[in-house]
Amino acid sequence: MEISKRQLGDIVELQVKGRLDNYWADFFAGRVSAAIQEGAHHLRLDLSEVNFLSSAGIGILVRFHQQLQAIQGSFAITQASPRVRSTIQLVALDKILFADATVVAPAARAAPLHETLATDLGAFDVYELAPNAKMDCTLVGRPELLANGGFRAEQCVSRMLGRSALAIGLGAFGSSYEDGRGRFGEFLAAGGCSAHLPTDSSNTPDYLISAKDFVPELQVLYAAECQGSPSRLVRFEAPREARISVSGVAQTCLQLSGSSSIALVVVAEAATLVGVGLRESPELGASFEFPRIRSTVSFTPSAEPSTVVIAGLCSYDPPEELQPFVRPLIPGGPVVSHFHAAVFSYHPVQRGQIDLGDTVRNMFRSQTLKTVIHLMHDSRPLNGAGETELIRGACWVGPIAKFTREAHA
């Protein structure tokens, strides 16, 4: 099989020669995926020199059509050989795959574009959502107990995390401390969804989605929980074949906010991931000394493309009550932060102005949740993995007006 590519404005056309059968399906899918990862959301196919199309090939075509349609993109065959056209007509997919080849007009924005910034990191588009909106942050529990003696039932509290909540910490789904015992691990909540990585032997992440009167309930050992609405949506994209570090995105959003502290939700296509997750429930304390740390946490450096939902907060000037919950965003840097990420298989993120709740809920409903991790900066001199790097995405930024501490026994 031969595949060539050309750019036609906002459209990328792939010209394919050969057989699109099960043998070549993965090769074809890889080339289409690469085009999407490079930013193409409107794809056209010239199959005039494809002499055979099998069911495996048809399945690939339908999958990419659905994937791009879900993010308001488009995927269509503009030309096809008689045999390919006949095959698609016989399976009654001609009205879908031979759709109008023009680019679908983007949905109207609910709020105007405020400004566009071209920085050394990449391009940032800023949309004003609610310019005067602020968030309040409640700090629950004592994070220092993670390494100093552990947690007991009296330190566990129940939190109901609805659609306006942004939260990260250590917790577990359940109705009581005993219900969560042996499973406490990293969690995040954003956009009406809560995700948690249990520390039991399953090591399988789980999630709950708010719906009508149902609100996810977590048993929390400690957490930073922010309530309110974001004031801005910031879209970002790295230059071609470049990447933007998660610290770069966070610091840019902090600067744009005009506030010393912000809550942040990011939905992004990630090139690399660097993070850790607890492997043992922390009720009795966790050891972070070598070699015991090997069984305490799992280290997750990955260069496999993925899509992530990141939630957390960062600050230039953290108040005293916040300091136990945060660490330097970059070793030795002026900004402190705490971010967790829900990690999914790669899927493109829709461009333009999008809604936080709709976007996050669609991620959890349509994609497979792979893990939940605490993002970190691996700064070891010789073999450090660095930090998470992003390709493009959306950030919802909420300036934090007030911190309240709820410390328990």
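**Exercises on ring pairs and helix packing**

Ring pairs join Tyr23, Trp24 and Phe27 into a cluster, where rings of Phe, Tyr and Trp (its six-membered ring) pair if their centres lie within 6.5 Å. The model is predicted, so local features need pLDDT of at least 70 and side-chain atom pairs pLDDT 80 or more, while totals for chains, interfaces and linings use all residues. Residues are numbered from 1 along each chain as its sequence is written, and side-chain values use heavy atoms, with hydrogens and water left out.

**Exercise 1.** Classify the pair formed by the rings of Phe344 and Phe364.

*Solution.* The search of the whole structure finds nine aromatic pairs. In the pair of Phe344 and Phe364 the centres are 5.1 Å apart and the planes stand at 90 degrees, so the pair is edge-to-face (planes under 30 degrees apart count as stacked, over 60 as edge-to-face and the rest as tilted). Next, consider accessibility: Phe344 is buried, at a relative accessible area of 0%, and Phe364 is buried at 1% (buried means under 20% relative accessible area, with a 1.4 Å probe and protein chains only).

**Exercise 2.** Describe how the axes of helix α1 (residues 22-37) and helix α2 (residues 55-70) are arranged.

*Solution.* Two packed helices are described by the angle between their axes and the distance between the axes. Here the axes of α1 and α2 come within 9 Å and cross at roughly 20 degrees (axes are lines fitted to C-alpha atoms over the stretch in contact, and angles run from 0 to 180 degrees between N-to-C directions; helices are DSSP runs, H or I, of at least four residues, numbered from the N terminus). That makes α1 roughly parallel to α2, the term for angles under 35 degrees.

How values were computed: Buried means under 20% relative accessible area, exposed over 50%, partly exposed in between (1.4 Å probe, protein chains only). Helices (H or I, at least four residues) and strands (E, at least two) are DSSP runs, numbered from the N terminus. Angles under 35 degrees count as roughly parallel, over 145 as roughly antiparallel, 65 to 115 as roughly perpendicular and the rest as oblique.
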